[in-house]
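Let's take a quick tour of this structure. Have a look at it first, then read on.

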Amino acid sequence: MHILAIESSCDETAAAILSAKGSAKPKILSNIISSQIDIHSQYGGVIPEVAAREHVLNIIPVVAEALNKAKIKPNQLTAIAVTKGPGLITSLISGMETARTLAYAWNKPLIGLNHIEGHIYAAFLELKKDLKFPAVVLTVSGGHTLIAVMKAHGNLKIIGETRDDAAGEAYDKGAKMLGLGYPGGPAIAKLAANYRAKFSEKPKETLDFPRPMMNSGDFDFSFSGLKTSLLYKLKADTKWKNKIEQYCYEYQEAILDLLVEKSLKAAKKYQAESIIASGGVSANSRLREKLIERTSIVLPKTQVHFPEMSYTTDNAAMIASAAFFHLSRKAKIKPWQKEKVELNLSL
Ligand code: KG4
Ligand code: ZN
């Protein structure tokens, strides 16, 4: 089986080829990403109109490169997979129309996939151990923050979401206030790590950032209060620039405490055998360290899984992985005419 996957939901134009033979684990033969970060960083965030124009320019070269690198010809493809939502409508359309046109021209089945499901299935690529169900899934990106329970492939239920900003947005907007540019996650993470490295033990937090909804009794998140608290602390502290590493460290600890502790509460309630963290924020090494450490204390039998680093932020390999599991379950694949761009979050 060979799958061509296309992803264009935000500011990365991406295409990948997945190959699977018999019962062997699927392999990614190519994973091409044309990133627009340098363009959008000038504006401090993604400008949808600019993203849409870049997708139009990049999508065919990216698909061609994915096929060439994988040494796969169109007639060898089993299906074409594409992100159908959620995302920026003007960005999604490029991927959808390209996939639909190629499926028509090459007479291939088309399968439309949910972007979040893609992030989750990124963790199933190159798994070191077989993943045991039920799993609690934390998906944290620039656009989404949710906790879901996965009882089996195709059986996924969202149990908590953010009520305002996504975790990645809390990083991006926090970084903007701190003058660190876009994307904010890696910038805050770097300064936070510099600060942590200065201490032999975990440094004492003195800035007193809140952990909103930590004990709300559900699995929802809220980051807007934390963000506002950063704004007011910076306004009140004329010397904050001298303490920027400490601000990054403590602000990040607050975000990550919420993500880790809510995931653990969900894992406890649903007796999870595994916890998966995925999405752009799962590239964060402090999140990985904290989640592994706290799980080993609170739920020592539960395994923790993360996608490989290159599959954490938006990419098409994750969409190919989700398509592979759909096809393996013999889920009905639709003809090219039927796929519609979807903007809602339902999986
Ligand atoms: O999954 P993704 O590429 O796009 C969406 O689907 O939104 O995630 C991008 C988000 C951005 O908010 C970015 O700041 C964040 O992921 N991010 C990180 C790190 N790398 C990317 N956040 C924290 N630490 C990182 N190392
Ligand atoms: Zn994403």
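This is a predicted model: local features need pLDDT of at least 70, side-chain atom pairs count only at pLDDT 80 or more; totals for chains, interfaces and linings use all residues.

## An irregular metal site

The site of the zinc ion (ligand 2) is irregular, with angles of 97 to 136° among its 4 donor atoms. Residues are numbered from 1 along each chain as written, chains are lettered from A and ligands numbered from 1 in written order, and side-chain values use heavy atoms, leaving out hydrogens and water.

**Around the zinc**
- His115 (NE2), His119 (NE2) and Asp314 (OD) coordinate the zinc ion (ligand 2) at 2.0 to 2.1 Å; donors are N, O and S atoms within 2.8 Å of the metal (3.2 Å for Na, K and Ca), and with water not among the atoms, sites may look incomplete.
- The donor residues follow the spacing H-x3-H-x194-D.
- His115 sits in helix α4 (residues 115–122) and Asp314 in the loop between β10 (303–305) and α10 (317–328), so this pair ties together parts 199 residues apart in sequence.
- Both His115 and Asp314 are buried, meaning under 20% relative accessible area (1.4 Å probe, protein chains only).

**The whole chain**
- The protein chain has 10 helices and 10 strands, which are DSSP runs (helices: H or I, at least four residues; strands: E, at least two).
- Of its 347 residues, 54% count as buried.
- The C-alpha trace spans about 60 × 45 × 35 Å along its principal axes.

Conventions. Four donors count as tetrahedral if all angles lie between 85 and 135 degrees; four count as square planar and six as octahedral if opposite donors are over 155 degrees apart and all others between 65 and 115; anything else is irregular. Buried means under 20% relative accessible area, exposed over 50%, partly exposed in between (1.4 Å probe, protein chains only).
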